[in-house]
Structure formats: C-alpha cells, structure tokens
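Work through the exercises below with the model open. Try each task before reading its solution.

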Amino acid sequence: MQVPKFWREIPRYYRLEAGKCDQCGKITFPSRLVCPECGSREHSKVHLSGRGTLKTFTIIRIPPDGFGDQAPYAIGIVQMDEGVGVMAQITDCDVDALSIGDTMITKFRRVREEGKTGIIMYAYKFVPDVGV
Amino acid sequence: MVGIVGYGTQIPRYRIRVEEIAKVWGADAPSYKRGLGLNEKSVPAPDEDTATLSVNAARNALLRAGILPQELGAVYVGSESHPYAVKPTGTIVSEALGACPHVHTADLEFACKAGTEGLFITLHEVKSGVFPYALAVGADTSQGAPGDALEYSAAAGAAAFIVGTDRLIAELLHTDVFMTDTPDFWRREYTHYPEHGGRFTGAPAYFKHVSGAALGIMDKAGMKPQDFTYCIFHQPNGKFPVQAAKQLGFQEAQWLPGLLSPTLGNTYSGSSPMGLAATLDVAKPGDTILLVSYGSGAGSDAFIFRATERLTEVRGMAPLVRTQLDEHRVFIEYGTYAKFRRKILKAE
C-alpha cells in the first residue's frame, strides 16, 4: 500500500470514522457518498463505539505475504452496536475457541509494515471482550 | 488546583515465566526469582508496540476523564521503545484519539523515567494555564539481550494520565526532582539491546536517586513516611522498590497496592506510572500518595497526590490494573516469546 493511500484512510483505520445519513440516519462504514437507503448525499461524520457481536469468521492458515508469522489467525465480520457490519482481523484469541455471537471490542493494533524501512500501518482489530 | 483527571492502562495478555527463560539458558530459576523478586513478565503480542499500548491506555484514561479528545492541548509519550527512530509516536497517539490538529505533541526519552517526565511537564503546563487538559503516557515494549539478567524483567505495558484543573480524581500537592550524570544503563545508537553496569545499577544509581527525590519532596512538603497512605517507587524488579521503601521507613501496606513487578516485570517508562494507576484503583478520597520514578542515566521525579471524591465515581469506567494483570493471561513458551519479540524471524 502506498503512503498516501494509507494516510487518506487514517480517520477510518484509527478512529472508526463512519458516515451517518442526515436524511434517514443510516450509518455506513466506510462512509458512502450516496446513502444506500434513501439516496441522500448529505452525511455527517460519526465514530463507531467499537463494540459489537461476531457475525461470521474464517481462519487463515495459508497467509499472504507479510502475515506469515501470524498464522493461523482469524478474520471476522462483526455486527457493530450501531448496526453496521465491519470486517477485521481478530487478535488476542484462541482461533479454535471463537464462536459466532461472541462479544467483540476493537483495539488499536499494528496491521502491517512496508518492509524493514517503510511505514508501519496501524488500524482497528477485534479482540474478544473479556474486560481487559 | 491541578491534578489528574483520568487514568488508564493497557497490559498485553501474554506472559512468560522466569522458569521458562531460565530453562533455555541453563540458569537457576529459583535464584533468579529470589534475587530479582520476579515470577513472570508481560510480553507484547506481535501486533502490539508502544504506540498501540499508548492509544489503548489513553482511551481508558479518556473514559475516566469524561472529556473530549479535542480538549487535550498536549500529548506526550515517554518511552525508550518508540516504533520509529524518526517519526513521533505522539502523532499516532493524538490522531488515533481524535485530538489533532491543535495539540502540542512530543516524544520523551529518559530510560524508565520518560513516563513521569510527561506527567511532570503536563502538570506544570496545565498549572501555568497553557492548556486546560493534557495527556501524559508512559509506555514501553522493552527488550533484554537473550540470556542477560534484563531478559527476565524487560516487559511491556502503558499507563496514561489526563491532567487538568477541574474534574480532579487526584490533586497534585508537590513535585520534586533529583538528577545526576550516572551511567548505569545505556544503549548506543544502532544497537538493539541495552547494556548495564550490573551491581553499579544499585546503590549509586537507583537507591541514591530514588531516596534523594523521596527525601527531597518529603522535606519540601513537611511530611514523613507515616503521613502517606500509599507509596510507589520505580520497579526495575520486585526487590529494589521494596528495599528503597524499607530504607526510607515505609511499611508494606503502603507499597503493596502499587507493587506490580513480581508478575508484570519492568515496563520501563510505564513502570511507576502503572504502579500509580494500580494505587488509584484502591485509594479512597483523602488518601495521600507518594510517587517516585527512576530513569537510568540517571534521575528521579517525585510527586505527592491526594485522592478526591471523584476518584470513586470514575474508577469503574475502565478496566482496573489488577484485572488486566491477573485475569485472562496467556502463558507462552520461549520459542513463541522469541517469535513475538522478533528474536527469530520466518524466512519470507
């Protein structure tokens, strides 16, 4: 990923910045230019709470380049409390103990780095909500 | 009146026991445990570093402070393991919290004292009226060379404090400092692991500066050890802070709530700040707290706080230190530890 492309996504990656339709109130993540519900182009910025329920997940055992030392790891879609689905890596967990319906919270984590000399990319990941 | 408005911590879930490290290097675990007063230490996950721990601790501090991130006038991150050699950790932390762009940001370094450097600066900055609120974080993912005594203690964790003049949970009563040029521990540029002076890190370094700062602030405040409800001294291991406390005339009940190193290890810049956070987790309104940090090189910052009524109202809004430290731990073997700490790398 190029630096400017990552930089443009920082509000979403770092702070879960979403869009809320001024017309019908639908929340979109990533924020959409046109509301898929009512077609309005008027949006406000909102931040997701970071809490939700695990809707589905898969376990990556053959990882892509740059993730070799993390396998096996889980990728999941979490139904956030605001009603929108968000996909991210699930970390700090026993992948074989995950269950659909688990309560998840987001944590700020490293996602990848561009080699030994490039930038470090940070973003949200999910962790099971165990109160720590 | 100035003081702490909110506090929060983050401790990684992974742990490695002293026995596991000693087994690999053929060392005698019981003598290490006895000599250092350590049983286990925290280990950061591969996707955790000083920036991530700082952000997650600061978010907990914001929950307790009850302020908006945009109200922060300054963000300071003290660490000796900043992810970049050149690019401030504070920029990442400020952006992740939503404090940008009108926020003064700096990364601080002073070995294990960098966390209280930020606390010292923010307290006096806010007191002088420059900013209404400011954030100070002490965080580290410290490394010890394989087989070195430091490998048994070098741990990871972060503590964050939001400072202000209203909504106080702990009022600042006094500060003091004690600093000299004492080369007890260092890391040269382009080297991966620090070196230290062995026993030289004790009497002329840690004990001289910790007791110097503690005696200095007690003299300034006109207070004696028995006037404090709690005390926290920097925790490079489980032995030094207890020895220092005893030498100064404190009792076990005063240091026990803030003593985390036996099962946490030394979180360097996060060490004494995390001890303060653990103490705030149990303190009652009116309790007086002495905090003395120590950073090799060498110096100590000292603070006296008095807990307010609001502390008990906000305590439950974020995880307690003991919850993060004692619950849901995942113990790992040395091989996993070596991978997590990038001592061994998978061929790409």
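The exercises cover the chain interface and then the nonpolar cores.

This is a predicted model, in which local features need pLDDT of at least 70 and side-chain atom pairs count only at pLDDT 80 or more, while totals for chains, interfaces and linings use all residues. Residues are numbered from 1 along each chain as its sequence is written, chains are lettered from A in the order in which they are written, and side-chain values use heavy atoms, without hydrogens and water.

**Exercise 1.** Find the area buried between chain A and chain B.

*Solution.* 
- Take the accessible area (1.4 Å probe) that the two parts lose on being put together, summed over both.

**Exercise 2.** How many salt bridges cross the interface of chain A and chain B?

*Solution.* 
- Look for a side-chain nitrogen of Lys or Arg within 4 Å of a carboxyl oxygen of Asp or Glu.
- The rule finds six across the interface.
- Arg109(A) and Asp47(B) form a salt bridge, at 2.8 Å from N to O.

**Exercise 3.** Which residues have the most contacts inside the largest nonpolar core?

*Solution.* 
- Collect buried (under 20% relative accessible area, 1.4 Å probe, protein chains only) Ala, Val, Leu, Ile, Met, Phe, Trp, Tyr and Cys residues joined through side-chain atoms within 4.5 Å.
- The largest such core has 57 residues.
- Its most connected members are Tyr14(A), Leu48(A), Leu72(B), Leu135(B) and Ile162(B).
- Another core, of 38 residues, lies apart from it and includes Tyr7(B) and Phe131(B).

Note on methods: Buried means under 20% relative accessible area, exposed over 50%, partly exposed in between (1.4 Å probe, protein chains only).
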